[in-house]
Amino acid sequence: MKKDMFGEPRILKLGDKEILFVENNKMKIARSPDYNFNFNKETGFFMRWGKTMDDDPDFAPAPEILDIEISTICNPGKGKNGGGGGCSFCYKSNTANGINMSLETFKTIFDKMPPVLTQIALGIGSLNTNPDLYKIMDYCRTNGRTQVIPNITINGAQLTDEHADKLASLIGGMAISHYDDDICYNAVKKMTDLTDKKINIHQLLSEETLDDCYRVMNDYLKDPRLEKLGSVVFLIMKPKGKRNNFHVLRSLDKYKAMIEFAFENNIPIGFDSCSAPSFLKVIKGSEREDALSQVVESCESDCFSSYINTEGRYYHCSFTENEDGWKGIDVVNCEDFITDVWNSPEANDFRKKLYANVEKDGCRSCPIFNLDMD
């Protein structure tokens with residue numbers, strides 16, 4: 001590597017691993033005998049490989065992605081699922097009463113992250129809840145040790161012109177959860193008029209919301225507000241939440257029909273890693289299998305991604321919070337994140353369970369929730 005082209009190389013000690021790491025304004029690059037990546041900070045393009053280009057490591061020596069919840073206060077607005085009581089299907093059971101993560105707590109956590117962190121996704125309910133939101137986002141971009149361009153998921157309500165301008169100047173990308181057509185689509189339109197960064201829609205996929213999934217796709221084809229939408233990203237429902245009475249979609253035929261509808265109509269779609277096993281079943285044997293299987297990432301929890309809640313506790317993912325057998329780990333007061341959290345007995349135990357659940361195609365399947373389609 002040429003120093004003048006890539007920046008100053010340095011050796012990072014991550015647990016018992018040593019990584020040669022180089023960063024400049026455009027790239028983050030990591031090299032070691034069995035773990036390597038190239039990450040383009042401008043486009044989000046990411047390549048990972050192990051001992052060879054055909055080898056994919058089982059897990060990274062440090063998280064590549066951090067999902068961090070900075071508010072549990074949510075009031076999605078006037079839509080059919082809106083109101084202070086929150087959405088009926090919310091797996092976090094959030095309401096208008098909740099807590100915020102302070103800027104100081106965020107700084108304490110973020111400062112423990114190693115420089116190899118490539119992406120951070122901020123979880124917030126309503127935009128007007130956490131008064132430190134933009135200070136948090138700015139800190140992600142300007143902190144001297146680990147600089148990351150933040151992404152954020154919002155519900156679309158309270159997206160004033162002032163919020164939109166500020167977000168457009170700070171984000172690497174954004175997802176807008178679809179609870180109400182007008183709230184969501186107007187938010188998409190407002191953001192895509194301001195920035196060329198990718199703006200996606202997050203759409204819950206369940207037995208009860210399958211018609212909504214089709215409606216959003218059909219609206220993409222005809223509603224001018226969605227003309228510059230990045231993708232419709234389907235999030236498979238997990239059976240979690242005190243007031244959630246929705247059901248996991250179990251029919252692979254229904255799921256396949258939905259995916260094929262998107263393909264046939266050139267609708268840009270994506271999905272969460274929880275959906276990977278079912279998606280791979282859908283494309284198996286098709287002309288798209290070779291190409292699409294290369295970009296499918298199954299469960300990343302404790303392997304490549306991490307989650308921390310508003311109280312500063314680490315869980316394997318946001319869905320394992322408060323599940324039996326998982327206590328979470330205090331990140332705020334830990335001495336070394338890699339040793340005390342990423343390589344902790346609890347994280348290693350989850351990895352073992354995850355890899356004990358690997359399917360024939362090599363896809364990691366959730367060891368906590370049964371999400372199978374057949």
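Two strands pair if DSSP finds at least two bridges between them. Strands (E, at least two residues) and helices (H or I, at least four) are DSSP runs, numbered from the N terminus.

The model is predicted: local features need pLDDT of at least 70, side-chain atom pairs count only at pLDDT 80 or more, and totals for chains, interfaces and linings use all residues. Residues are numbered from 1 along each chain as its sequence is written, and side-chain values use heavy atoms, without hydrogens and water.

**Exercise 1.** Find the bridge partner of isoleucine 120 in E8.

Solution. Start with strand E7, residues 119-123. E7 runs parallel to E8, and 4 bridges join them. The partner of isoleucine 120 is proline 150.

**Exercise 2.** Work out the strand order of the open sheet.

Solution. The order is E1-E2-E3-E4-E5, with antiparallel pairing. E1 (10-14) and E5 (46-49) are the edge strands; each pairs on one side only. The twist averages 15° from one strand to the next. E4 (residues 36-40) pairs with E5 over 4 bridges. In E5, tryptophan 49 is the bridge partner of asparagine 36.

**Exercise 3.** Describe how H2 and H3 cross.

Solution. Take the axes of H2 (residues 103-110) and H3 (residues 133-142): they come within 10 Å and cross at roughly 20°. The helices are therefore roughly parallel (angles under 35 degrees). Next, list the contact (heavy atoms within 4.5 Å): H2 gives Leu103, Phe106, Lys107 and Phe110, and H3 gives Lys135, Ile136, Tyr139 and Cys140.

Note on methods: Axes are lines fitted to C-alpha atoms, for helices over the stretch in contact, and angles run from 0 to 180 degrees between N-to-C directions. Angles under 35 degrees count as roughly parallel, over 145 as roughly antiparallel, 65 to 115 as roughly perpendicular and the rest as oblique.
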